[in-house]
Amino acid sequence: MEDADGMDTDPPSAGLQDAFGGHALPSVATIRNDLIKAVAELSFCELASSAQWAAELSVALPSTEMDDATVPPVSSYNNIKSAKMYSSLMLAKSYFNMREYSRAAYVLQHIKDLHTHQAALFLRLYSLYLAGEKRKDEEAMEVTDPVQKCQVKNAELKTIEAQLAGLHEKRLLNGLNLYLYGIALRGLELKEEARRVLVQAVHVFPCNWSAWLDIIAISSDLNDVTDVRADLHLPDHWMVLFFQAALHIELQRNQEARDLYVALKRHFPESSYILSQVAACDYNMRNFDASQASFDEMRKKDPYKLASLDTYSNILYVKEQSAALSHLARQAVRIDKYTPEACCIIGNYYSLKGEHEKSVTYFQRALSLNRNFTPAWILMGHEFMEMKNTPSAIDAYRTAVNINQRDYRAWYGLGQTYELLNLHFYALFYYKRAMTLRPEDARMWCAMAQCYDSMGRKVEALKCYEKAHRCGDRERMA
């Protein structure tokens, strides 16, 4: 079939059509136009992660006859008539890029009717937000008690919320300011309200990928992520497909996610992001060979990309491919050794060599770079288990759970740790939590069966073994 851009393509998959209200994706030209506008807007407002995501997706589109067409200017400052306003904005952006967030916010503080300049309003309050986050991280580093560390908050959130609440009531916020209002509400633990505002944000500005991810994260915190697709009134936009695929992964519906990503790959054939997501789905389903093949293809397309390569190193670790893991570690160091992903790759390399103390050092280094990097906490917990340091393993797994309650690996790790301590009742509790997240994983049922067996509850143990067998017990643990 020939699409609107003259490209010879197969008919869109049924799954993709169903996800988009029974229709195929819009034309390549339409999608590219959406993404180009989004990149300009996001870049101007310093939302680097979302801008990068949109830009990479734009480049991943197939070539068309319209590729050489002139792109109209789409930057946020085109409608700024005042030279003074423009100068203030540029100064604020320069301070922002130098990580002087308080100075950036102060430059825009005295501008009258700031809400009439949405980009300036966003840049001022987002700078204030990041200044608060920076101070929060500094204060948390000075606190040793884990409970007190969790109680350190961003002191600027109430100021941001107060300034945006009135404008929100008057419907004077654009998509990015709605997004900022949503993350401020989330920081204040007003999660239901935050999700409602973020849904409004993606209606107004659908190509802000960070807003979609925050909707999933908040739904996970509220423990109603299963119903989020049905309950939320999402926009009729092609970005919903990426949201739905990410939601499937969050729900451990890995085959559904993979099918959707494979369908999307036909429309974004050069996307390294989609390849990494396909690899993640295969990894979650323990199809390590297929996952490794997808990672290899991704690395050919994007050889300097480190994001998600910690998962790739897990595959090489499980398959005991020490030479390949060593090569990957050297490449990661050459690209950027001061990233959590590089540190985790090196940590896995030393773990495979049996140097567990050295491995822990690198996982700790990863966490010094990003304390919310869940894979590092889980891998460090595994290392402490190897070292028979159960208190530290429990602490690592618990921290991972606090960061992401839907990561089954942390719950499973806690179960293994308590089972090692012969505390089978506690182990069973954590295994059950892991099983609710991965009900089709035979390992969860086998672990529960072993606990029941150790507690003398043979009937329950037999039922769990039978369920493990029905789930496809690859390791033949049942």
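A residue counts as buried under 20% relative accessible area, as exposed over 50%, and as partly exposed in between. The legends below apply these classes to close-up views of a predicted model.

**View 1. Glu270 and Lys301 are joined by a salt bridge.** The closest N and O atoms of Glu270 and Lys301 are 3.1 Å apart. Glu270 is located in the loop between α14 and α15, whereas Lys301 belongs to helix α16; the pair links distant parts of the chain, 31 residues apart. Glu270 has a relative accessibility of 47% and therefore counts as partly exposed. Lys301, with a relative accessible area of 32%, is likewise classed as partly exposed.

View 2. Lys265 is partly exposed at 24% relative accessibility. For Glu297 the relative accessible area is 33%, which means that this residue is partly exposed.

**View 3. Asp282 and Arg258 meet in a salt bridge.** Their side chains approach to 2.9 Å, N to O. Because Asp282 lies in helix α15 (residues 272–284) and Arg258 in helix α14 (residues 254–267), the pair ties together parts that are 24 residues apart in sequence. Asp282 is buried, its relative accessible area being 2%. Arg258, by contrast, counts as partly exposed at 23% relative accessibility. In general, side chains of opposite charge can pair when their charged atoms come close.

**View 4. Ser313 is a buried residue of helix α17.** Helix α17 comprises residues 309–318 and includes Ser313. The relative accessible area of Ser313 is 0%, so this residue is classed as buried. Leaving aside residues up to four places away in sequence, Ser313 touches Leu325, Leu328, Cys344, Ile345 and Asn348.

**View 5. Lys153, Glu189 and Lys191 belong to one salt-bridge network.** These three residues are joined through salt bridges that share partners. Across the whole structure, a search finds 20 salt bridges.

Note on methods. Residues are numbered from 1 along each chain as its sequence is written. This is a predicted model: local features need pLDDT of at least 70, side-chain atom pairs count only at pLDDT 80 or more; totals for chains, interfaces and linings use all residues. Side-chain values use heavy atoms; hydrogens and water are left out. Helices (H or I, at least four residues) and strands (E, at least two) are DSSP runs, numbered from the N terminus. Buried means under 20% relative accessible area, exposed over 50%, partly exposed in between (1.4 Å probe, protein chains only). Contact means heavy atoms within 4.5 Å. A salt bridge is a side-chain nitrogen of Lys or Arg within 4 Å of a carboxyl oxygen of Asp or Glu.
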